Amino acid sequence: MLWGMRIVVLAGGIGGARFLRGLKLAAPDADITVIGNTGDDIHLFGLKVCPDLDTVMYTLGGGINEEQGWGRTDEGFTVKEELAAYGVGPEWFGLGDRDFATHIVRTQMLAAGFPLSAVTEALCERWRPGVRLIPMSDDRVETHVAVDVDGERKAVHFQEYWVKMRASVDAQAVVPVGAEQAKPAPGVLEAVAEADVILFPPSNPVVSVGTILAVPGIREAIAEAGVPVVGLSPIVGDAPVRGMADKVLAAVGVESSAAAVAEHYGSGLLDGWLVDTVDAGVVERVEAAGIRCRAVPLMMTDPEVGTAAADMARAALALAEEVRGA
């Protein structure tokens, strides 16, 4: 089934990108479409920045800073330093010189009237990621987080919450602003309808995969696709593999556990769920929720090589076949 298989993956940033590198190794002949989260997008210095799309593009195209998992390799920060010298911020968001070029090209193309999906396709012409990368929507969607600071509730952009505040205060609510009015980008619903398998990588279930699912029509298309939908838990041993996903899970009333995230997605969406071997004890609970569950190693121990991620991808595809044959 792997030969010519059409796989759709809903991806956030680092976790999704590294999983995709493993998926390409596990299924080299598959036709992979990636629906990328754009809720993390932000306008900085007059430029449109798409962190998750760029992380996927750079990771699969060989230009990522492997150590941090985001940004470009061999990066310099002269432009950022010069902007700071002029007193122009924000200084908390680290755009490098090479990265700036991507955002300048994107912003120019958007200003010329090209939709984000066409711009993303053009940027991928350089990077050749080996997958079809489509933003979830051409419309502007930006995730905001409600927080209480000094006794006052205010909404901040997700990037400010994640990068500047480092999720140091509890998130009271997470809102994908603009999602309700957004439409799926061209090709998104078609890819879902034509897929043989749909995968949720170990991306953040609230602000990455959850934001994609918040665009009207995408969740419904996946639920009605009639093909196996398999997810991989981003929570291992009741803690996020990376980042601070527990903070945003709490904001939507979900405990930070592999089983709770599966239940959050629900059996109406998920057919299969992979948990890490340390969470083998929750398999029964997940299956009681109507979702087939298996415990396998889920730590990407060699992100730059992708062998561990490839094993995870093989396990996800095997579970999909198991679901299909049930």
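Start with the open sheet: 3 strands in the order 7-6-8, with antiparallel pairing. Strands here are DSSP runs of E, at least two residues, and helices are runs of H or I, at least four residues, both numbered from the N terminus. Two strands pair if DSSP finds at least two bridges between them. This is a predicted model: local features need pLDDT of at least 70, side-chain atom pairs count only at pLDDT 80 or more, and totals for chains, interfaces and linings use all residues. Residues are numbered from 1 along each chain as its sequence is written, and side-chain values use heavy atoms, with hydrogens and water left out.

**Stop 1**

Select 152-157, strand 7, and 171-177, strand 8. These are the edge strands, each pairing on one side only. Neighbouring strands of this sheet are turned by 25° against each other on average, direction ignored. The angles run from 0 to 180 degrees between N-to-C directions, with axes fitted to C-alpha atoms, for helices over the stretch in contact.

Now select strand 6, residues 142-149. Strand 6 pairs with strand 8 over 6 antiparallel bridges. Find Glu142, opposite Val177. Then find Val147, whose bridge partner is Ala171.

Strand 6 also pairs with strand 7, again antiparallel, over 6 bridges. His144 stands opposite His157 there. The hairpin of strand 6 and strand 7 has 2 residues between the strands, and Asp150 takes a positive phi near 55°.

**Stop 2: two helices**

Select helix 1 (14-26) and helix 2 (51-61). Their axes come within 9 Å and cross at roughly 35°. The crossing is right-handed (the near helix is turned clockwise from the far one by less than a right angle). On helix 1, the contact residues are Ile14, Ala17, Arg18, Leu20, Arg21 and Lys24. On helix 2, they are Thr55, Val56, Thr59 and Leu60. Contact means heavy atoms within 4.5 Å.

**Stop 3: the cores**

A nonpolar core is a set of buried Ala, Val, Leu, Ile, Met, Phe, Trp, Tyr and Cys residues joined through side-chain atoms within 4.5 Å. Buried means under 20% relative accessible area (1.4 Å probe, protein chains only).

The largest nonpolar core has 58 residues. Leu10, Tyr161, Ile198, Phe200, Ile222, Tyr265 and Trp273 have the most contacts inside it. Helix 11 (258-265) gives the largest share, 6 residues.

Zoom in on Ile222. Not counting residues up to four places away in sequence, Ile222 touches Leu10, Val192, Ile198, Phe200, Leu213, Val229 and Leu269.

Finish at a second, separate core of 44 residues, which includes Ile64, Leu133, Leu232 and Val296.

Key
Buried means under 20% relative accessible area, exposed over 50%, partly exposed in between (1.4 Å probe, protein chains only).
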